[in-house]
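Reader: Hi! I'd like to walk through this structure with you, a few spots at a time. Shall we start?

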Amino acid sequence: MGVCIVGWAHTRFGRHDELDLEALVDSVSGQAIEHARISAADIDATWLGNLNGGFVPDNFCSSFALNADPALRWKPATRVENACASGSAAIFSACDAIEAGRARIALVVGAEKMTAVSGQEVTRILANASYVKEEAGTGMTFPGIFAQIARQYFARFGDHSATLARIAAKNHRNGVSNPWAQVRKDLGFEFCNTVSEKNPFIAEPLRKTDCSLVSDGAAAVILADEKASRGLPRAVRFRSRAQVNDILPMSRREADAFEGPRRAWAQALAAARCKIFDLSLVEVHDCFTIAELLAYEAMGLADRGAGARLLEDGTVYPTGRLPVNVSGGLKAKGHPIGATGVSMHALAAMQLTGQAGEMQVANARLAGVFNMGGAAVANYVSILEPLR
C-alpha cells in the first residue's frame, strides 16, 4: 500500500516568544487537517518529531497534537526522536504503519522550541547529539564537529572557503522567496566570503554565514494510503524512501566521505528506479554549508572533491539542471530540530503540486528530500512524485 502526503501546514521559523512547544504543535495540527480536507475523526494515529534534550521541560509531549480537535482524543500518539532527523523519523514511522495496514490516515507534526534557553545551553544540548564520550564530552560543539569535517575536506581537495560562501549566498538569496524563512535577506557572496565583525569565525573555517540558525517552529503533514488519497484534492506519493544509520564515533569513520548519506541516496534512487538528474529539485540538510557541499557529492551530482563545479556551472541554482534548497534550506529558513524533516517534505509537496508560490520550480515532477541527524549518522532520503 503506497503512502501519500495529502495536506500540510507550516509556521514561520524564527523566534516565537509568544508560543511554547504545545502552542507550536497545536498551531499546525488543525491547519494541516483543514488543508487536507479531511475530518479529525478520519485520522487513525499521530506522530510527533521532536528532539528537546532540555530546550523545554516537556519531555512527554506526544499527545500535544490531540489538542487540535476533540475527535483526536484516544488516538494513538507517539513521539519520535532521531537527532536533527526527528521529523523524517516521525514521517517514516507513520509510513510504516500505513504500509502495514495499521492506519489509513496519519497526522505527523515536527516541532521544536529552541529559544527559551540561552545560546550556550542550545550549544550544549545540540552537542549531546554527537558521540558524547569522544566529542561533546571533550568540549566539541557541532560547529566544531563540522569545522573538523571541513578541514579534512580542505586537506584533501584544497581550500573551499569560497565554495561554502557561494552555498550560503545561494541559500540566502533563495530564502527571500520563502514566506516561512527566518532570514529573508540576500546577503551576497562578498559578505558571506569575508570574515568580519558581523560574520566572524564560529569554528574555523566555518563563519557565521556557514552555520544554520537557532529557531522555533513547527510543520505538519497529513499522510494517507493511496486509496484514501484518490478522493482528496491533492496527493504526493512516496515513490521510494530509505533510511541508513552509521555508527556514532567520528574516530571510527571517514566523516567527510558522507558514507551514510551516499548509501541512503543510492538505495532511494534504486528503489525509485530513477537517476539523480531525473529529479526536478532537491531539499538537502544544510545544517552547515560544508554539509550541503558533501551532499552534492553523496547524491551523485559530482565526484568526491568536485562539488564546487555545481555552483560554478549553475547546476544547483533555481534555474539550473537540479535546483538545491530553493526554500533557502536550513541556512536561511532556520533549523528548529524536530520540525526540519517535516518542513522539507511539506515544501517538496508544495513544489510537486504547483503551490510553492515564488519558490516554484517550473514543471516540478519528481523531488528528493535528504534529512540528516548528527554528523551523517541518521540519514533519510525520500523521492516524491504527484499521485496524479
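This is a predicted model: local features need pLDDT of at least 70, side-chain atom pairs count only at pLDDT 80 or more; totals for chains, interfaces and linings use all residues.

Reader: Is Asp-246 buried, exposed or partly exposed?

Author: Asp-246 counts as partly exposed, because its relative accessibility is 26% and that class lies between the 20% and 50% cut-offs.

Reader: And which residues does Asp-246 touch, not counting those up to four places away in sequence?

Author: Asp-246 touches Arg-253, Gly-260, Ala-376 and Val-377 on that count. There is also a C-alpha separation for Asp-246 and Gly-374: 9.9 Å, for two residues 128 apart along the chain.

Reader: Thanks! Switching to charges: how many salt bridges does the count come to?

Author: The count comes to 18 salt bridges. One of them joins the side chains of Asp-17 and Arg-15, with 2.8 Å from N to O.

Reader: Are Asp-17 and Arg-15 buried or exposed?

Author: Both Asp-17 and Arg-15 are exposed.

Reader: What about Arg-237, which residue does it form a salt bridge with?

Author: Its partner is Glu-226, and the closest N and O atoms are 3.9 Å apart. Arg-237 belongs to strand β8 (residues 236-245) and Glu-226 to helix α7 (residues 226-229), so this pair ties together parts that are 11 residues apart in sequence.

Reader: How accessible are those two, Arg-237 and Glu-226?

Author: Arg-237 is partly exposed at 22% relative accessible area, whereas Glu-226 is buried at 15%.

Reader: Which residue forms a salt bridge with Glu-254?

Author: That would be Arg-304, with the closest N and O atoms 3.3 Å apart.

Reader: Which residues do salt bridges with shared partners join into one network?

Author: That network consists of Glu-226, Arg-230, Arg-237, Arg-239 and Glu-385. The Arg-237 and Glu-226 pair we talked about is in it.

Reader: New topic, helix packing. At what angle do α2 and α12 pack?

Author: Helix α2 (residues 86-99) and helix α12 (residues 337-352) pack at about 60 degrees, and their axes are 5 Å apart. The two helices are therefore oblique to each other.

Reader: Which residues make the contact?

Author: From α2 there are Ser-86, Gly-87, Ser-88, Ile-91 and Phe-92, and from α12 there are Gly-338, Gly-341, Val-342 and His-345. Sorted by class, the contact has three nonpolar residues, six polar ones and no charged ones.

Reader: Last one: in which helix is Ser-29 found?

Author: Ser-29 is found in helix α1 (residues 21-36).

Reader: Why does Ser-29 count as buried?

Author: Because its relative accessibility is 0%, and buried means under 20%.

Reader: What does the side chain of Ser-29 reach, and which residues does Ser-29 touch beyond four places in sequence?

Author: The Ser-29 side chain reaches the backbone oxygen of Val-25 at 2.8 Å. Leaving out residues up to four places away in sequence, Ser-29 touches Ala-65, Ala-68, Leu-107 and Val-109.

Conventions
Residues are numbered from 1 along each chain as its sequence is written. Side-chain values use heavy atoms; hydrogens and water are left out. A salt bridge is a side-chain nitrogen of Lys or Arg within 4 Å of a carboxyl oxygen of Asp or Glu. Buried means under 20% relative accessible area, exposed over 50%, partly exposed in between (1.4 Å probe, protein chains only). Helices (H or I, at least four residues) and strands (E, at least two) are DSSP runs, numbered from the N terminus. Axes are lines fitted to C-alpha atoms, for helices over the stretch in contact, and angles run from 0 to 180 degrees between N-to-C directions. Angles under 35 degrees count as roughly parallel, over 145 as roughly antiparallel, 65 to 115 as roughly perpendicular and the rest as oblique. Contact means heavy atoms within 4.5 Å. Ala, Val, Leu, Ile, Met, Phe, Trp, Tyr, Cys and Pro count as nonpolar, Asp, Glu, Lys and Arg as charged, and the others, Gly among them, as polar. A polar contact is a pair of N or O atoms within 3.5 Å; within protein, one must be able to donate a hydrogen and the other to accept it, and residues adjacent in sequence count only if both atoms are side-chain atoms.
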